[in-house]
Amino acid sequence: MLEMLSIPFMRQAVLAGLILAAMLAYLGIHVVRRRIVFVDLAIAQLSAVGVALAMLLDQDPIGFSLVFTMVGAAFLSLPAYEQRIPQEAIMGIVYAVASAVSILIIAKMPHGEADILNLFFGNILAVTDGQIGLMALTFGSVGLVHLIFAKRLMPIPVPTESGSTFLFKAMSWNLLFYLTLAVVIAVAIRTAGVLLVFSDLIIPAAVALLFAERLRPLVLLSAATGVLSNLAGLYASYRFDFPSGPSIVASLGVFLALAMIGKSVALTIFSRSDKSGPK
Amino acid sequence: MMIKAIVSVFIGGLLFVNPAWAAPLQVVTTTEDLAAIVREVGGPFVEVESQTRGTQDPHFLEARPSLILKASRADLFIEIGLGLEVGWTPAVLVAARNPAIQPGALGYLDVSRDIKPLEIPSAPVDRSQGDVHPLGNPHYWLDPENGTIISQEIARSLMSLLPDQSQAIDRNQKEFVERFNAAIVLWKTRMKPYEGAKVITYHNSWTYFARRFGLDVVGYVEPKPGVAPSPAHLNQLIALMKQEKAKLIIMEPYFSRSIPDLLSRETGAKVLVLPPSVGGAEGIKTYFDLFDYLTDQLTTALSKGS
Amino acid sequence: MLRSIFCLIIVLLFQSAIEARAQQGTGSRPGLQGLNPEISLDGLFAAAYFSEPDNLNFGGHDPNQTGFTLQNLELTLGATVDPYARADAHIIYLIDEEGESILEVEEAYLTTLSLPHRLQLIGGQFFTRFGRINAMHPHAWAFADQPVINNRLFGPDGLRNPGAQISWLSPLPFYLELTGSVQNAGGETAASFLSNEEAFGETFPNLVFEEREVEKLEDLLYMTRIKTAWTVSDEVEMVQGFSGLFGPNASGEDTYTKIFGLDFYGKWRPLSAQKGWLFVALQAEAIWRRYETSENSEDNLHDRGLYLQGLWGFASRWVVGLRGEYANGGDETDPLGDRRYRVSPNLTFYPSEFSKWRLQYNYDLAEHLDDKPLHAVFLQFEFLIGAHGAHQF
């Protein structure tokens, strides 16, 4: 396992993987708890539109996608039509339209081809020091914001009744959360790709939610799952010569499966020994 | 699912496409004259934009967001210096967040560093003398022989930023100087019959042009730079113009015509509106065009007078 | 006393910096001109007449009595420290309405010049960049007095405190800037937040001051701002912004204040403008505040207000202006919380860029005075000596 770390790009990939796993695992708790699982798909697609536009106009892809994603996330945070149209439908629509728009943009580009299959899952092996630095900087800032305003961001916001006296009552904290999510996704996509970001968000959180309820154990468990499965996935890709992205997603899946099995086994054992006292 | 895959894949691919071709160097200049010379020297290797239009007075601009934005993307920032743009360029540079173009960096060029300025004040200056420029008169681009020096400095900057294109840039610059020197001879010949012609100018901006082409500037509409003329000054000026038989009142398009028209009525001298920069009038697209236009206008106006 | 010593130290530091540069030789080459620090002194005075001795001009730099007011004597020092940063300081001296001399360090901060990714960091003591007017110094205002809503929400001196600010210029093809700052929430310059006992008593006479410690990071003052600019043409440019403030306030153990603002500025200036004339400029800001006084959200105070000002440079060196204002805090009897209207036409003459004369008339209607019209006339005068950098657009 350790000889993998003697190779420079593996070291960088591991570092990037750790940073990504930790940040996305924490945000994943939020995302799952707020039941906005499809939101990050929609947000990821919006950031892809931003990147496509940037390439078309020969501008900086990260900057573009950051602004695009943040604007999109801001709109998605508005609870306006929640009562009438379910949120999943809105997310699905946003995803579809964003995909269509990005296809239209690609159609206009003189050169848009690249390593297609390899990049569906991002290319964590090609991560540069600059990208790692940017991730550390933005994730650190987002983490700081979440740390400072933890009290405000954690409770699940209830859809506000119409006619609140002050226009920006609880919307501002909801908006802040969506903006931080947008920033993280936009930066993470560069390295990890849409599917890996989605998996890193949802799966560790799901594993954690199987076993814990309070915030601190949830975050720790989720982060642990994310970090371990990223490491395992990278090791598997190194050892068995698989592409890295899919390996990580697969290992996340394996962890989830193990967790689910473990939980049902534990449930069975504990319910049987209910009357025999603590172990 | 298939569409999602294709789309995400395309997007992922785009994320990693880094343009392998060299993008042209982004150059931002403060005036159109500098931009015109950059185009001559840099050719296809540069994309240049001027922050002011030829019809604008470059002294008084504001550090607008559009200027800041252009500067933030520039690889090379060029200014005339000698205090011409001191009212706004420093503010633009601070707000541009572009380390490449900060004074001292390779991407910053103050063209005046190799120019010999005229009218450096010999005594201490203060604002009672109006908008005086303590480092000398900054309107030096109106002397075509300074154009050669400007092109040399620009070439040097471009070569340090585009080392692979050094040879081509050097060639461009030498070619430009050859063509330009030939043109200078033509312009001087054109203006020769009118050497010594007496004129007044609105603002003290034609010193270098006058020196090169033999015009004698006997007075200014502004009693001091940037100060509007008072009746006493106008009286003195009219007397001076009659005494010297001044033929022309030269003014830039962004000054008000009312005083020059008044002077014209009183003394019989003609008002001639001359653009001080490339782009200042229809058809002036290059540095060559500028002097073509100026010498043409002057010779026409002066020939009618006599 | 301590403040004066502090100011003196700052001046001495700059003085030594100047001397150090002078010893290196200033050179006559224009490139080196940028190395010399800029020092300037700006004096702002007003002669005023109020129709009632109890006037409603609560701004710290407003003309405050029938008679003469030294609104602001501002010493500005600015220098590029090195290719990486720039330092600026503003020290002000003024005489308040009780005739007390006040010497304050208004701003003293460092600005980075060379951070990557189009970022810029500011650290030190500075005006919070909320909206447009709060961060502008009084001598740069287009009117002689502080807008009502700014005075009510940010206090007579504006909102300023030590802290840090980071801003990012996006790489999009139009101007888009995101700014975030964190500053102390206490002190007399943070009236809507932790404030201090004296300032609190003046702003909220009906509430009880709660001495609060800064226990967690949440108890600092946070600001975010998004600013965009739209260049319509070479002659017309517009700037729009949205700002939000969040911080603890002093009326409870766990109470917070939120302030939001929208701002707009548009200027038309033809290419043939001589020294900047002619021009037309429009500026407006609308600000809301939600001030929690207890756990119960029904006790919250809501304030809102706006100002709209137009300027027309109709002839060389002359500007005519008109400003209309509205503010309402929902408390009919409180001079700082009632419903208020104010209209102010003015006329300004600039003999040069370094001096100005301004004549302004205020027409004030305040609910707590039963809408009896109050009148005020100001004659303002400003001089500027030394090198002063350009103001923000």
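In the predicted model, chain B exposes about 12600 Å², of which carbon and sulfur atoms supply 56%. Chain B comprises 306 residues, and 54% of these count as buried. Along the principal axes, the C-alpha atoms of this chain occupy a box of roughly 90 × 40 × 40 Å, and the secondary structure assigned to chain B amounts to 10 helices and eight strands. When contacts in chain B with a separation of 6 or more are considered, 64% of them are accounted for by residues 24 or more positions apart. With regard to charge, chain B carries 29 positive and 33 negative side chains, the centres of these two sets lying 3 Å apart.

Two residues other than glycine, one in chain B and one in chain C, were examined for their backbone angles. In chain B, a positive phi, near 55°, is found at B:Leu82, a residue placed in the loop that runs between β3 (76-79) and α4 (89-95). The relative accessible area of B:Leu82 is 2%, and because buried denotes a value under 20%, B:Leu82 is classed as buried. In chain C, phi is likewise positive at C:Asp370, where the angle is near 60°, and this residue is also assigned to a loop, namely that between β15 (355-366) and β16 (374-386). In contrast to B:Leu82, which is buried, C:Asp370 has a relative accessibility of 70% and therefore counts as exposed, the cut-off for that class being over 50%.

A further backbone feature of chain C is a cis peptide bond, which joins C:Trp277 and C:Leu278 and has an omega of about 5°. The second residue of this pair, C:Leu278, lies in the loop between β10 (256-268) and β11 (279-291) of chain C.

Notes
Residues numbered from 1 in each chain as written. Chains lettered and ligands numbered in written order. Predicted model: local features only at pLDDT ≥ 70, side-chain atom pairs only at ≥ 80, totals over all residues. Heavy atoms only, no water. Helix = DSSP H or I, 4+ residues; strand = E, 2+ residues; numbered from the N terminus. Buried < 20%, exposed > 50% of the residue type's maximum accessible area, 1.4 Å probe, protein only. Contact = heavy atoms within 4.5 Å. Areas by Shrake-Rupley, 256 points an atom, 1.4 Å probe, with all protein chains shown as cover. Lys, Arg positive; Asp, Glu negative; His and termini not counted. Charge placed at Lys NZ, Arg CZ, Asp CG, Glu CD.
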